[in-house]
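Here is a short tour of a two-chain model, taken one neighbourhood at a time. Have the viewer open as you read.

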Amino acid sequence: MNKNIDLNNLQNEGVENVPMQERRDFLKMGLAITGIFAGGSLFSAVSTFNSAHASDFAKKYPYKPHYSMVMQQHRCIDCERCMDACVATNHVPKVHGAYRTTILEKETPDAVGGKREFIPILCNQCNLPQCTRVCPTKATYKDKTTGIVLMDIKKCIGCLTCQEGCPYNARYFNEEKKAVDKCNFCWDTRLSKGEKDTACAHACPADVRIFGDLSNQEDRVFKIVHQIEKAVWVLRPEAGTRPNVFYTKG
Amino acid sequence: MAHHHTTPSLNELVTGVANRLKTAGTGFYLMVFIAAAVVLASAGTGLMAMIKGHEAYYNVYREVPWGVLIATYVFFVVSSTGLCLISSIGHVFGVQDFMPIAKRSVFLSIATILSGFFVIAFEIKLPWRMAIWNVISPNLTSNIWWMGTLYGIYLAFMFAEYIFLLMNKHRPAVICGFSGSVAGIAAHSNLGAVFGLLMGRPYWQGPYMPIYFIASAMMTGCAVILFFHILGYKINKQEMSPEMQRALEVTTKIGILLITVILFFTTWKLIAGAAGQPAGAYPVVQSEVFGHHAFVFWFFEILLGMVGPLILFILSKGRNLKLMLIASLSMVIGIFVMRFNLVYLGQSLPVYYDLGVNEFKEMLHYAPSVYEWIITAGGFGLTALLFLIGEKVFDGHKVEDH
């Protein structure tokens with residue numbers, strides 16, 4: 001049984017003697033192996049990329065519904081109807097520095113093609129909010145059922161530490177309410193009354209702001225956040241707050 | 001041990017205070033009048049702002065919500081903690097050389113923290129709510145909550161300690177002094193953590209702030225002790241005992257040490273903010289060292305606050321009281337600006353700076369309004385007023401012969 005092969009005395013038969021089909025098969029196999037490796041690393045790169053944008057940022061979706069917003073940044077034309085709707089719905093005072101949502105403008109003069117883009121911002125309803133941690137009196141808190149960061153205005157002492165803690169500039173002191181004010185996804189003015197979206201998302205004519213439920217796999221927000229073809233990101237991920245407002249474009 | 005005196009009657013005490021007040025010169029009364037006027041003007045301004053709304057009177061705004069009043073509060077509680085810690089070296093931890101400064105320092109630690117509370121009452125928008133909700137809705141993850149609560153406990157201990165010192169009851173005074181020091185360190189490091197634990201503010205963020213706050217409190221304590229002791233002796237026209245001279249000499253020495261410690265801290269803070277150009281901190285350090293805030297930083301914080309006094313203290317050898325008075329005054333001014341720099345610079349970089357949007361491309365600016373300055377002055381006025389009255393009522397904070 002154990003016949004030793006004399007490797008040293010084997011003669012080179014030459015590739016010319018290998019049948020065409022075998023050569024093809026071999027090449028195919030090689031390509032397949034290479035392909036698995038290349039494709040695999042590409043796949044792993046994409047999946048890392050994807051997970052870093054979706055599940056990692058919010059980490060998990062503990063609320064039902066888990067309210068979230070996706071900004072299709074490329075569609076924003078700065079018409080400001082969202083801002084007007086927010087002011088009207090949530091009685092935001094018309095004074096300088098008072099807003100729950102606004103639109104930032106970014107210019108890239110040396111860009112090819114379009115050079116200007118608009119970035120809507122609002123409270124990110126973070127899963128790990130800084131503002132609620134620093135508040136001395138629990139005047140701001142993450143609601144246990146909705147996950148929305150809310151204000152209990154009677155408890156607000158106006159120390160403004162939440163404003164310092166927020167990495168998104170989402171808070172301001174409302175002199176009329178005598179408390180810090182912020183976006184609450186229109187909880188008191190719309191959602192708790194049975195409406196399905198926020199005033200800003202409702203008013204947007206360009207489908208920039210998509211409001212939805214991140215815990216529902218059929219929801220548009222879920223589908224955008226969990227696909228891998230288009231980049232999805234959050235603002236200031238380094239602050240570690242696990243925001244629930246996502247951005248995408250293109 | 002202290003001699004046992006026959007306890008003076010209330011009448012004798014009142015007569016003593018009355019006599020000391022009567023014999024005080026016009027200069028003393030002028031200073032009391034000015035200090036009281038500043039406090040009244042400050043309280044009036046603060047109440048007006050409180051009633052009509054801060055936004056009409058203060059220059060702080062959405063992106064820079066903390067201004068000179070927070071810096072002033074920090075300055076006073078830094079001073080108070082420092083007074084408590086430096087004076088405890090003697091009367092709590094038993095280092096004889098520091099004994100003579102105990103009474104005045106403990107008195108001043110109460111005066112300065114009251115001044116801090118006075119100013120913060122006009123900084124917080126709804127301070128009356130704090131009294132209720134801090135108690136019935138405490139947030140134990142909040143450094144502000146811990147800081148406020150611990151400073152309340154600290155103040156109670158310092159009051160008790162001072163009363164025991166007046167009564168010559170050393171044992172309870174030591175217990176209160178020790179407890180006050182512990183509460184003070186805990187409170188003050190929490191104040192550092194108010195800034196240091198904000199994840200979205202890279203210039204502040206990290207363990208540096210609580211550590212720096214304690215070290216710089218002790219440096220400030222030395223300056224305030226020297227300034228008010230030398231001034232107190234000038235006001236009372238008293239001859240300084242060799243023990244008191246020795247106490248001020250060792251305070252000067254420890255002041256020299258602490259200035260070098262804070263210079264060392266500051267140097268590494270700047271290097272850490274420059275090396276590798278960390279996002280969020282580098283532009284701030286740039287503006288601090290070379291940019292629009294550079295003069296304030298170099299002239300006030302570095303020269304007046306530390307390097308100048310360091311040279312003067314060394315030249316004084318801890319004995320030239322005039323040099324020491326100038327040095328400590330310079331330090332107090334410099335340290336006040338140091339607090340302002342700390343509070344302002346951490347907010348000077350917009351949170352959206354790295355996004356590159358038009359609205360937040362530039363560093364944010366803030367200059368206090370005249371109303372904010374008046375309230376700030378009121379903090380200093382209150383410390384001055386309490387100090388002056390204290391000198392007469394408590395007879396130069398005389399220490400018992402040992």
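## Two helices side by side in chain B

Start with helix H3 (residues 68-91) of chain B and helix H13 (residues 370-393) of chain B, which pack at an angle of about 10° with their axes 9 Å apart. The axes are lines fitted to C-alpha atoms, for helices over the stretch in contact, and angles run from 0 to 180 degrees between N-to-C directions. H3(B) and H13(B) are therefore roughly parallel (the word for angles under 35 degrees). Helices and strands here are DSSP runs numbered from the N terminus (H or I, at least four residues, for helices; E, at least two, for strands).

This is a predicted model, so a word on ground rules: local features need pLDDT of at least 70 and side-chain atom pairs count only at pLDDT 80 or more, while totals for chains, interfaces and linings use all residues. Residues are numbered from 1 along each chain as its sequence is written, and chains are lettered from A and ligands numbered from 1 in the order in which they are written.

Which residues of H3(B) meet H13(B)? They are B:Val68, B:Leu69, B:Thr72 and B:Phe76, and on the H13(B) side you'll find B:Glu372, B:Ile375, B:Thr376 and B:Gly379. Contact means C-beta atoms, placed from the backbone, within 7 Å.

H13(B) is mostly covered, with 19 of its 24 residues buried. Buried means 20 or more other C-beta atoms within 10 Å of a residue's own, exposed means 12 or fewer, and partly exposed is in between; C-beta atoms are placed from the backbone. Just after H13(B), B:Asp395 takes a positive phi of about 50°.

## Over to chain A

Chain A has 7 helices and 10 strands, and 40% of its 250 residues count as buried. In helix H3 (residues 81-90) of chain A, the buried residues are A:Cys82, A:Met83, A:Cys86 and A:Asn90. Seen down the axis of H3(A), they fall within an arc of 100°, so they line one face of the helix; the arc is that of the directions from the helix axis to the C-beta atoms. The buried residues of H3(A) pack against strand S2 (102-107), strand S3 (116-121), helix H6 (199-203) and strand S8 (209-213) of chain A. After H3(A) comes A:His91, with a positive phi near 55°.

## Where the chains meet

Chain A gives 34 residues to the contact and chain B gives 35. On the chain A side, S2, helix H4 (130-134), helix H5 (161-165) and strand S6 (171-174) each supply at least two residues.

A:Glu105 lies in strand S2 of chain A. Beyond its neighbours within four places in sequence, A:Glu105 is in contact with A:Asp78, A:Arg116, A:Phe118, B:Val357, B:Asn358 and B:Glu359. For comparison, B:Tyr162 sits in helix H6 (residues 143-166) of chain B, and its contacts, on the same terms, are B:Val106, B:Phe107 and B:Ile110.

| Residue | C-beta neighbours within 10 Å | Class |
|---|---|---|
| A:Glu105 | 13 C-beta neighbours | partly exposed |

Key
Contact = placed C-beta atoms within 7 Å. Parallel < 35°, antiparallel > 145°, perpendicular 65-115°, else oblique.
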